[in-house]
Amino acid sequence: MKRLYVVVRGDLPVGLQMAQACHVARRFEGRPDEEENLVVLTVPTEARLWSLLWNASAHAEIAAFTEPDIGDQLTAIALRGTGVQKLV
């Protein structure tokens, strides 16, 4: 299995660490941010994440990630679109 190791500074707040990890992963793949801010949010459960995914499906471009190492649970989604801000 291929792995991309992302290392972030531990002295940054956790939310900022996550955003910086996303930034560098996109840069590594040759996809610049193109004047797009990354906003990292959390929901308390997988069920709430699924709910957000379904509610956003009519309003947004969506990418979802399920983690094979924990039974293919939904662990993260990415959303972009005009109605997303109101949903989150």
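This is a predicted model: local features need pLDDT of at least 70, side-chain atom pairs count only at pLDDT 80 or more; totals for chains, interfaces and linings use all residues.
1. **The overall layout.** Start with the parts list: the protein has three helices and two strands. Going along the sequence, they come in the pattern α-α-β-β-α. The C-alpha trace spans about 35 × 35 × 25 Å along its principal axes. Of the 88 residues, 14% count as buried. As for contacts, take those with a separation of 6 or more: 32% of them join residues 24 or more positions apart.

2. **The strand pair.** Have a look at the two strands next. S1 covers residues 61-67 and S2 covers residues 73-80, and they pair in the antiparallel sense over seven bridges. Glutamate 61 stands opposite arginine 80, and threonine 66 has leucine 74 as its bridge partner. If you follow the side chains along either strand, keep in mind a general point: in a regular strand they alternate between the two faces of the sheet.

3. **The turn between the strands.** S1 and S2 make a hairpin, with five residues between them. Which residue in the turn has a positive phi of about 70 degrees? That one is glycine 71. Aspartate 72 also sits in the loop between S1 and S2, and its phi is near 55 degrees, a positive value in a residue other than glycine. That deserves a second glance, because most residues other than glycine have a negative phi.

4. Searching the whole structure turns up two salt bridges. The background is simple enough: side chains of opposite charge can pair when their charged atoms come close. One of the two salt bridges joins the side chains of arginine 80 and glutamate 61, at 3.8 Å from N to O. Arginine 80 lies in strand S2 and glutamate 61 in strand S1, so this pair ties together parts that are 19 residues apart in sequence. Are these two residues buried or exposed? Arginine 80 is partly exposed, at 39% relative accessible area, while glutamate 61 counts as exposed at 51%. With the cut-off for exposed set at over 50%, glutamate 61 passes it at 51%.

5. **Salt bridge at arginine 9.** Aspartate 11 forms a salt bridge with arginine 9, and their closest N and O atoms are 2.9 Å apart. Aspartate 11 is exposed, with a relative accessible area of 60%.

6. **The largest pocket.** Where does the lining come from? Helix H1 (14-28), helix H2 (46-56), S1, S2 and helix H3 (84-87) each supply at least two residues. Sorted by class, the lining has 28 nonpolar, seven polar and nine charged residues.

7. Alanine 19 counts as buried, at 8% relative accessibility. Leaving aside residues up to four places away in sequence, alanine 19 touches Leu38 and Val40. Histidine 23 is partly exposed, with a relative accessible area of 21%; the cut-off for buried is under 20%. Serine 57 gives a handy reference point for both. For histidine 23 and serine 57, the C-alpha to C-alpha distance is 24 Å, at 34 residues apart in sequence.

8. Asparagine 37 is found in the loop between H1 and H2. At 71% relative accessibility, asparagine 37 counts as exposed. How far apart are the C-alpha atoms of asparagine 37 and histidine 23? They are separated by 9.3 Å, and the two residues are 14 apart along the chain.

Key. Residues are numbered from 1 along each chain as its sequence is written. Side-chain values use heavy atoms; hydrogens and water are left out. Two strands pair if DSSP finds at least two bridges between them. Helices (H or I, at least four residues) and strands (E, at least two) are DSSP runs, numbered from the N terminus. Ala, Val, Leu, Ile, Met, Phe, Trp, Tyr, Cys and Pro count as nonpolar, Asp, Glu, Lys and Arg as charged, and the others, Gly among them, as polar. A salt bridge is a side-chain nitrogen of Lys or Arg within 4 Å of a carboxyl oxygen of Asp or Glu. Buried means under 20% relative accessible area, exposed over 50%, partly exposed in between (1.4 Å probe, protein chains only). Contact means heavy atoms within 4.5 Å.
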